[in-house]
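Open your viewer and get ready to select a few residues. We will stop at some charged pairs and then at a pocket.

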Number of protein chains: 2
Amino acid sequence: MSRILSVTTTDVRFPTSLDLDGSDAVNVDPDYSAAYVDIATDDGEHGYGLVFTCGRGNELVTAGMDSYGELLVGRDTDELVNNLGDASRRLVHDSQLRWLGPEKGVSHMACGGLVNALWDIRARRENKPLWLLLSEMPVEEIVSAVDFTHIGNALTPADATDILQRGQAGKQERISELREHGYPAYTTTPGWLGYSDEKLVRLSREAVADGFGMIKLKVAGSIEDDRRRLRLAREAVGPDVRIAIDANQRWEEQEAIDWVNQLQDFAPYWIEEPTSTDDILAHAAIRKAVHPIKVATGEAVQSRIIFKQLLQAGAIDILQIDSTRVAGVNENIANLLLAARFDTPVCPHAGGVGLCELVQHFSFFDYAAISGSMDDRVIEFVDHLHEHFAEPAIVTNGRYQAPKRAGVGAEMLGQSTAHWTFPSGAGWQALNAH
Amino acid sequence: MSRILSVTTTDVRFPTSLDLDGSDAVNVDPDYSAAYVDIATDDGEHGYGLVFTCGRGNELVTAGMDSYGELLVGRDTDELVNNLGDASRRLVHDSQLRWLGPEKGVSHMACGGLVNALWDIRARRENKPLWLLLSEMPVEEIVSAVDFTHIGNALTPADATDILQRGQAGKQERISELREHGYPAYTTTPGWLGYSDEKLVRLSREAVADGFGMIKLKVAGSIEDDRRRLRLAREAVGPDVRIAIDANQRWEEQEAIDWVNQLQDFAPYWIEEPTSTDDILAHAAIRKAVHPIKVATGEAVQSRIIFKQLLQAGAIDILQIDSTRVAGVNENIANLLLAARFDTPVCPHAGGVGLCELVQHFSFFDYAAISGSMDDRVIEFVDHLHEHFAEPAIVTNGRYQAPKRAGVGAEMLGQSTAHWTFPSGAGWQALNAH
């Protein structure tokens with residue numbers, strides 16, 4: 001019998017604040033970081049997971065994974081990875097730890113890191129990348145992985161079964177198509193708030209030349225800057241390439257409405273995070289008032305319970321899952337199924353550290369076995385920090401290529417995690433010596 | 001000039017799970033715990049704060065206070081405690097740490113612990129208990145302490161100023177009244193789910209004899225048990241004492257409606273936490289369907305942004321603030337003002353470790369300077385663990401007596417924190433030796 005031998009966490013940080021990569025109206029100086037975890041079994045298996053953070057506080061997520069990890073060490077590996085629904089519930093609903101959320105913030109993200117690492121073991125055992133594992137998994141097993149707690153008024157196990165059974169028709173053809181042609185991406189690379197106009201224009205043109213059908217700009221610094229930058233970007237990409245804009249929760253409800261409507265001239269496709277993502281009612285009001293600009297949110301949505309309400313209230317046009325905000329693969333299956341139930345496209349958030357590598361699997365699975373559609377669906381892509389991963393995300397001609405390596409995509413290179421371990425790694429020691 | 005010298009945290013836990021004190025349908029075996037913090041200045045001042053948790057995970061909140069504490073050490077004490085609005089915003093909106101929430105879960109509670117400790121220094125400097133400090137503070141300073149971010153569509157600084165200015169009339173009389181007669185309490189002591197019928201009846205009778213006008217019962221184990229226990233409690237207290245019931249988020253929306261309506265025979269006063277407190281829309285639906293039973297929630301409400309929506313959506317009759325869930329005194333002032341704006345009574349959650357000692361100050365302040373009313377307003381009281389505090393909460397004849405000692409109420413006895421430090425304290429060492 002295999003048992004969980006150890007749960008080992010590492011605080012990995014990259015000094016991205018030095019270049020203002022990733023700068024926006026709220027996250028002004030992020031050091032993109034990964035709370036990284038390696039779950040080892042006494043048979044020598046390993047499963048890897050990570051949680052993205054912005055630097056300070058990464059140590060709290062690693063501490064969270066250490067705390068929840070104590071619930072796993074010594075347990076039967078087979079029991080955990082063959083019943084990942086139970087495994088997730090055991091962590092998420094622990095009778096004492098749940099007070100820390102419930103199901104939100106540091107504790108919830110920590111659960112997600114561990115849950116993903118358990119899925120990593122499972123996917124490696126079956127020698128499949130996560131998206132293929134999920135796409136080929138029996139419907140009943142997918143349904144058993146979902147925690148329906150507090151979403152029963154929008155999605156029942158019977159609803160989920162129906163959605164997944166409809167997704168079986170044509171599945172093999174879609175899997176072949178994904179392997180051959182990949183899945184559409186959009187890029188945020190041109191649009192960081194810290195970039196000069198010249199850099200914005202140059203990178204926007206490059207994005208179009210690279211085959212992207214959509215780019216994204218950070219907004220909400222000042223309305224004059226936003227109008228100028230959006231005009232420059234629109235001139236650079238032409239009328240047919242979509243431009244999404246992202247306010248990173250900067251505004252109050254009325255402020256969002258007034259500001260966004262002053263940008264209508266440049267026909268932005270969606271406004272992302274116009275206000276607090278905890279504010280379902282404000283999102284609903286903003287969506288009504290900024291039509292035809294669509295409303296998107298999700299990278300900071302704490303759980304399926306908030307996504308459910310955003311859908312019930314008609315508050316969003318686009319649901320943006322994030323691979324490391326919620327409690328891992330299981331909760332993102334719930335989010336995909338909720339989106340399908342409300343006929344809402346999923347356009348995942350990515351970037352940061354490893355988010356592209358992880359989240360792509362969900363869109364591939366969604367196309368293969370849930371929505372069966374790529375209409376108005378794109379995965380975010382930001383071209384940095386991929387070189388630290390065992391299988392970097394690959395985007396060519398504006399499309400993510402299907403991951404091939406077994407696992408969930410979280411495995412990092414040992415030399416990278418060692419070099420950028422905070423604060424003891426050689427990379428940080430060298431920076432601190434300056 | 002005084003500077004912050006150190007932020008020292010202690011993981012204090014009490015083995016309450018041995019007695020099933022505090023047991024309910026979700027929290028089946030809590031070890032009531034306090035993530036305790038002592039902020040010291042280089043002038044020898046001390047401010048104390050704490051965050052209540054249920055045991056496992058208490059170490060994550062202490063770690064959180066350590067992390068946020070780094071933002072305070074070395075700073076000018078006067079600048080912090082004379083502008084507590086800025087002090088709070090500096091912690092809550094730190095550009096890197098905010099990713100961990102934003103404004104929810106472990107990171108937010110950790111901010112709250114530190115913010116309360118800073119208020120403790122301020123209150124000690126003015127030699128006043130927190131409730132009196134707040135009640136006598138100039139309106140402009142109270143308003144400047146509030147973070148209006150993402151509540152601007154419900155409460156503006158002008159609204160807050162109006163509410164507080166109306167609260168000035170008769171304030172001195174109400175302060176005198178509070179000092180003389182205190183503030184009404186209700187007790188949860190009889191109603192824990194782990195207690196026998198005999199104990200429930202005995203403690204219910206004792207509660208009435210002790211002068212309480214309301215008791216609370218935990219429900220949602222089984223409907224048969226709930227009907228039997230509620231019948232016994234109603235027989236024990238008679239028709240005129242209110243009985244609140246509390247499901248601790250156990251139900252789905254429709255399940256809550258069906259279950260609660262089967263308890264109408266026994267005329268419960270409110271149903272507390274019928275479902276996830278993150279679920280604003282479900283609370284609104286439940287409230288409509290269980291009338292005349294009132295709906296109450298708040299001990300798990302992560303921030304003012306959720307409280308605002310619960311009020312906007314007409315989802316609650318009773319707003320239950322908690323002293324250590326949100327970002328401290330500042331955010332609870334926001335919550336009190338939101339409640340006043342929507343003419344909704346505040347009935348604080350208490351119990352746990354130190355929650356009675358801390359939260360009472362807000363109801364006293366609310367009566368003195370905000371709502372000016374005690375109608376349908378009661379503070380929860382649970383009679384355990386008070387002996388560990390420098391100034392234990394005192395309830396006589398069913399009323400909280402006005403706290404007299406300078407500070408926010410969080411200071412614990414050194415012998416208590418040392419004895420119950422987890423896992424190294426003598427109390428835990430002795431238990432582990434068995």
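Before the first stop, one term: a residue is buried under 20% relative accessible area, exposed over 50%, and partly exposed in between, with a 1.4 Å probe and protein chains only. This is a predicted model, where local features need pLDDT of at least 70, side-chain atom pairs count only at pLDDT 80 or more, and totals for chains, interfaces and linings use all residues. Residues are numbered from 1 along each chain as its sequence is written, chains are lettered from A and ligands numbered from 1 in the order in which they are written, and side-chain values use heavy atoms, with hydrogens and water left out.

**Stop 1: chain B**

Select R122(B), which is buried at 7% relative accessibility. Which residue does the side chain of R122(B) meet in a salt bridge? Its partner is E141(B), at 2.9 Å from N to O. A salt bridge is a side-chain nitrogen of Lys or Arg within 4 Å of a carboxyl oxygen of Asp or Glu. R122(B) sits in helix α4 and E141(B) in helix α6 (residues 139-145) of chain B, so the pair ties together parts 19 residues apart in sequence. E141(B) is partly exposed, at 21% relative accessibility. Helices here are DSSP runs of H or I with at least four residues, strands are runs of E with at least two, and both are numbered from the N terminus.

Next, select D78(B) and R125(B), whose side chains form a salt bridge of 2.8 Å, N to O. This pair links distant parts of the chain, 47 residues apart: D78(B) is in helix α2 (residues 77-81) and R125(B) in helix α4 (residues 105-125), both of chain B. D78(B) is partly exposed at 31% relative accessible area, and R125(B) is partly exposed at 35%.

**Stop 2: chain A**

Now pick K128(A) and E126(A), which meet in a salt bridge of 4.0 Å, N to O. K128(A) is buried at 19% relative accessibility, while E126(A) is partly exposed at 33%. Over all chains, the count is 62 salt bridges.

**Stop 3: the largest pocket**

Finally, select T187(B), T189(B), D210(B), F381(B) and D383(B), which lie nearest the centre of the largest pocket among its 19 lining residues. A pocket is an open set of points on a 1 Å grid over the protein atoms alone where a 1.4 Å probe fits, with protein on both sides within 12 Å along at least five of seven lines; lining residues have an atom within 4 Å of a point. β4 (183-191), α9 (197-209) and β11 (395-396) of chain B each supply at least two lining residues.
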